[in-house]
There are 2 protein chains.
Amino acid sequence: VPTSEQASPAQIARSLIRSGQHQEITYGLAPGYVQCNLVIIKAIHAYDFLLYCQRNQRACPLLEVTEVGSPLTKQIAAGADLRTDLPKYHVYRNGECQDRPNHIKDLWQDDLVAFLIGSGITFDQALTRVGIPIDKRHRWVCRTRLKTEQAGRFHGNLIVTMRWLTPEHAIKATQITARFPFNHGAPIHVGDPDIIGADLAKPLHGPKIDSIPSHLIPVFWACGVTSQAAAEAAKLDLMITHAPAHGFISDLKADDICLP
Amino acid sequence: VPTSEQASPAQIARSLIRSGQHQEITYGLAPGYVQCNLVIIKAIHAYDFLLYCQRNQRACPLLEVTEVGSPLTKQIAAGADLRTDLPKYHVYRNGECQDRPNHIKDLWQDDLVAFLIGSGITFDQALTRVGIPIDKRHRWVCRTRLKTEQAGRFHGNLIVTMRWLTPEHAIKATQITARFPFNHGAPIHVGDPDIIGADLAKPLHGPKIDSIPSHLIPVFWACGVTSQAAAEAAKLDLMITHAPAHGFISDLKADDICLP
């Protein structure tokens, strides 16, 4: 474990999580570092899932895939262990979430592969920096009617994050998120939720929506949860993911994957 | 075959190629449409190759992977057949190029998968539009000392395209190519070739280089040939690629994959 003098904020955050001192959401932790969604599945499904991510890159920007059997990252975080370095996991069996542990040391197997997928938390930080409010009252995750491209047993509808913004902020947010092409990029839709069949009545995350405030405009981005939902629907005998908002903090800096 | 009234320039080009009327290079054909490199391998190697492309995305931006056994594209070109729609192929057996046919109808097998990878030809067109000279006297493909990220049996050094530009053009070209993040993006290096170990003495394509003109600056971009070279070095029993500069013309428009 690095000492705090040498360690980066990302390394410190991972080490606090690993030792059990941080078990809450990672939102706001190690600002400026890219956070990732995690999907762990068996190697026999890895080709189809990798292809699903490739075919739906806007929603599922892959940042790293581990070697079969290895829970260690090599490219996006040095010395990280995916069995311990996220604060909370969801364990699915046959498509049902059956457990929500704080580590998965006892669940790791030699035939597992971990996929790390860019999370919208990364550009939320960039939006916050320019004064666009992105808190729980302004951010939702919901299903749409848009079909994703199938790969093997993985398929399903696109899941999006929605933010209600002033027209001025909507324009600014479009420009800023377009600078993160490998992390969902620009919005996929703006305005009338019905056009993409966004299910605002039952958001997957976020508060209940009664009506859209008339001075605000809804803006929609492809969301990494899409890949998790496709894997969930495939009812694999075993799948392990991060718990919502309990992501993996990488060593990548958001500014380094940001285009001018 | 579409009639010329309904057909797009890309469809017309593919149909001329399919019928054997165009067997030359595709450079300059259907300007504005994204051209692709092709790598066809057996399904047993597809996971590792897909992962190699994911791990080296800058050099190997995947635009489509066909279903196992299918030579037809679904996402980037409607009604295209990869057995006939490129003007020339290279057929490798155990890592040796053994044949250079104009179609591969007799070579297709049920266990083959085709990978289509973005080609630098796409942004060459964007550079040409702003007056940057990109002809045979200004463009080289060469090996470097930079290692790519390995995936299974696929590994090797990064291959780059090099262009000699005036300082003014080098800056403009950097800005323009940065707008194509899914097609190699911005340069990976500018200036002294020795820093990346670019082997200018033996360019893979382009004229012999005696010395760098003093008023010009070499600019280097990651090149899709990297994936082909890695697959060649793996000495697979069968691999089929496009012949250099004889690419696949997709229905994607370069402007549509270009960011502001």
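The largest pocket is lined by 37 residues, and those nearest its centre are F182(A), Q54(B), R55(B), Q57(B) and R58(B). A pocket here is an open set of points on a 1 Å grid over the protein atoms alone, where a 1.4 Å probe fits, with protein on both sides within 12 Å along at least five of seven lines; lining residues have an atom within 4 Å of a point. This is a predicted model, in which local features need pLDDT of at least 70 and side-chain atom pairs count only at pLDDT 80 or more, while totals for chains, interfaces and linings use all residues. Residues are numbered from 1 along each chain as its sequence is written, chains are lettered from A and ligands numbered from 1 in the order in which they are written, and side-chain values use heavy atoms, with hydrogens and water left out.

**Largest pocket**

- The volume of the largest pocket is about 1,000 Å³, a volume being the space filled by probe spheres set on the grid points, which are joined across faces, edges and corners.
- At least two lining residues each come from α2 (46–55) and β2 (62–65) of chain A and from α2 (46–55) of chain B; helices (H or I, at least four residues) and strands (E, at least two) are DSSP runs, numbered from the N terminus.
- α2(B) gives the largest share of the lining, 4 residues.
- By residue type, the lining holds 23 nonpolar, 9 polar and 5 charged residues. Ala, Val, Leu, Ile, Met, Phe, Trp, Tyr, Cys and Pro count as nonpolar, Asp, Glu, Lys and Arg as charged, and the others, Gly among them, as polar.

**Relation of the two chains**

**Aromatic pairs**

- Rings of Phe, Tyr and Trp (its six-membered ring) pair if their centres lie within 6.5 Å; planes under 30 degrees apart count as stacked, over 60 as edge-to-face and the rest as tilted.
- The count by this rule is 7 aromatic pairs over all chains.
- W140(A) and W164(A) form a tilted pair, because their ring centres are 4.5 Å apart and their planes are at 40 degrees. W140(A) is in strand β6 (residues 139–147) and W164(A) in strand β7 (residues 157–165) of chain A, so the pair ties together parts 24 residues apart in sequence.
- W140(A) and W164(A) are both buried, where buried means under 20% relative accessible area, exposed over 50% and partly exposed in between (1.4 Å probe, protein chains only).
- F49(B) and F154(B) make an edge-to-face pair, because their ring centres lie 5.3 Å apart with the planes at 75 degrees. This pair links helix α2 of chain B, which holds F49(B), to the loop between β6 (139–147) and β7 (157–165) of chain B, which holds F154(B), 105 residues apart.
- F49(B) is buried at 0% relative accessibility, and F154(B) is buried at 0%.
- In chain A, F49(A), F115(A) and F154(A) are linked into a cluster by ring pairs.

**Buried helices of chain A**

- Helix α3 (residues 121–129) is largely enclosed by the rest of the structure, because 7 of its 9 residues are buried.
- The buried residues of α3(A) include F123(A), D124(A) and Q125(A).
- Among the elements that cover the buried residues of α3(A) are β1 (33–42), α4 (167–178) and β9 (217–222) of chain A.
- Helix α2(A) has 9 of its 10 residues buried, including Y47(A), C53(A) and R55(A).

**Backbone and loops**

- A30(A), a residue other than glycine, has a positive phi near 45 degrees. A30(A) sits in the loop between α1 (9–18) and β1 of chain A and is buried at 9% relative accessibility.
- N94(A), also a residue other than glycine, has a positive phi near 50 degrees. N94(A) lies in the loop between β3 (89–93) and β4 (96–99) of chain A and is partly exposed, with a relative accessible area of 48%.
- I132(B) is in the loop between α3 (121–129) and β6 of chain B and is buried at 2% relative accessibility.
- Leaving aside neighbours within four places in sequence, I132(B) contacts L127(B), L165(B), H169(B), K172(B) and A173(B), contact meaning heavy atoms within 4.5 Å.
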